Amino acid sequence: MDLTAVRAALADTARRARVPGMSLAVVSRDRVLHTGGTGFADLEGHAPATADTVYPWFSMTKPVTATAALRLSDQGLLDLHAPVPEYLPWLRAPGPAQPTVWQLLSHSAGLGNPLPVTWIHPADAPGPEQEQMLRKLLARRRAFRHRLGGTGHYSNVGYLVAAQIISQVSGEPFPSYVRREILAPLGMDSTGFAYLPGHSAAIGYVRIPRPLTPALAAILPPGTLGARHGGYSALNPFLVDGAGYGGLVGSVLDAAAFARLHLNDGLAVPPGTAGAPAVPQGHRILQEPTARAMRDIRVKGKQFDHSAGWFRKHTKGPHGSYVEHFGTGLGFWNIMRLYPERGRAIVLMSNSSTSYDYATLFSLILRVPWT
């Protein structure tokens, strides 16, 4: 088993799923083990997909949002078990019981999950003001649809609320807090809440029969759908409206740097170092018990079991020891998975709405005798 097999398996995964391009990063606690890509980030320009290609993260943003909230908690600025109205008095659930911040992060706050198909805007245009967007969503009939504190029900709205609380507590816009407190200390220079200059970006593709293209164009915001390329419709660059639930754009290398933070229980360890003790104390982003608590999957759900920022999809066989998060949306399908007991993390990003057999690829990667 060697890297040649990993490269071949990555190419085969993309080919079988008919995905234009994929980018991969594999890391341990102290270094980057492997990066690579297969296929094309841009079919028209024949630009290859590489580890430096940037993709919309969609819901892979949620572990970052949860990390931001828990950092404020570690600093004594945010009480995770306080009722949400203590921070946002205008937001109340029906009845006397109110959701807590932790319940927002673990998808047990009872909020619904409206389909976010149209929650996007052109990359060169301003997005909606975040509090206004959130207030509008919560003003809809039955924003709270599930029993508070019961079965986990995945909710993008819950993470919009969490981001608003982070902004309220930190005294600054959510994106700037995340950039300063998480992205910058981890050296995530290609990642932000917009497409950053100087970085090659993947074009998103939707595999759809040509006769159905006008119907898709009518559903999406004007100007979203681009030219046809074979069996695909390209998407013009766009950004997600809700920064807190899915707004990041970045590379697998940067996502892997974030994954390494959590493999190291909240300590930012520069790649290539021997281990955590050599890192200055200032690089600790989360306290060790806090980072471990994030991976403690306790909230049972219908499709996924949850904790703060991480989940685990139900499987028929033994799941092994991992936590993960998907980042799926219009034109893209991503996954970040941590194996804490093995000291490994894998990030895989692709530029098609099509899912793929990542499990077989990950199983092979875990069998490689990394040196």
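Predicted model: local features only at pLDDT ≥ 70, side-chain atom pairs only at ≥ 80, totals over all residues.

Me: OK, and H2 itself, how many residues does it have?
Reply: H2 has 13 residues. From first C-alpha to last, H2 reaches 18 Å, close to the 18 Å expected at 1.5 Å a residue.

Me: How many of the residues of H2 are buried?
Reply: 11 of the 13 are buried, so H2 is largely enclosed by the rest of the structure. Among the buried ones are Lys62 and Arg71, along with Val64, Leu70 and Leu72.

Me: Let's take Leu72 then. Why does Leu72 count as buried?
Reply: Because its relative accessibility is 1%, and buried means under 20%.

Me: Which residues does Leu72 touch, leaving out those up to four places away in sequence?
Reply: Leu72 touches Leu77, Leu78, Ile166, Val169 and Tyr177.

Me: Switching topic: how many cavities of 30 Å³ or more does the structure hold?
Reply: There is one, and about 50 Å³ of space lies in the largest cavity.

Me: What classes of residue line the largest cavity?
Reply: Its lining has three nonpolar, eight polar and no charged residues. The lining includes His107, His146 and His153, plus Leu104, Thr151 and Gly158.

Technical notes
Residues numbered from 1 in each chain as written. Heavy atoms only, no water. Buried < 20%, exposed > 50% of the residue type's maximum accessible area, 1.4 Å probe, protein only. Contact = heavy atoms within 4.5 Å. 1 Å grid on protein atoms, 1.4 Å probe; cavity = no way out; pocket = protein on both sides within 12 Å on 5 of 7 lines; lining within 4 Å. Points joined across faces, edges and corners; volume = space filled by probe spheres on them. Nonpolar A, V, L, I, M, F, W, Y, C, P; charged D, E, K, R; others polar. Helix = DSSP H or I, 4+ residues; strand = E, 2+ residues; numbered from the N terminus. Expected span 1.5 Å × (residues − 1).
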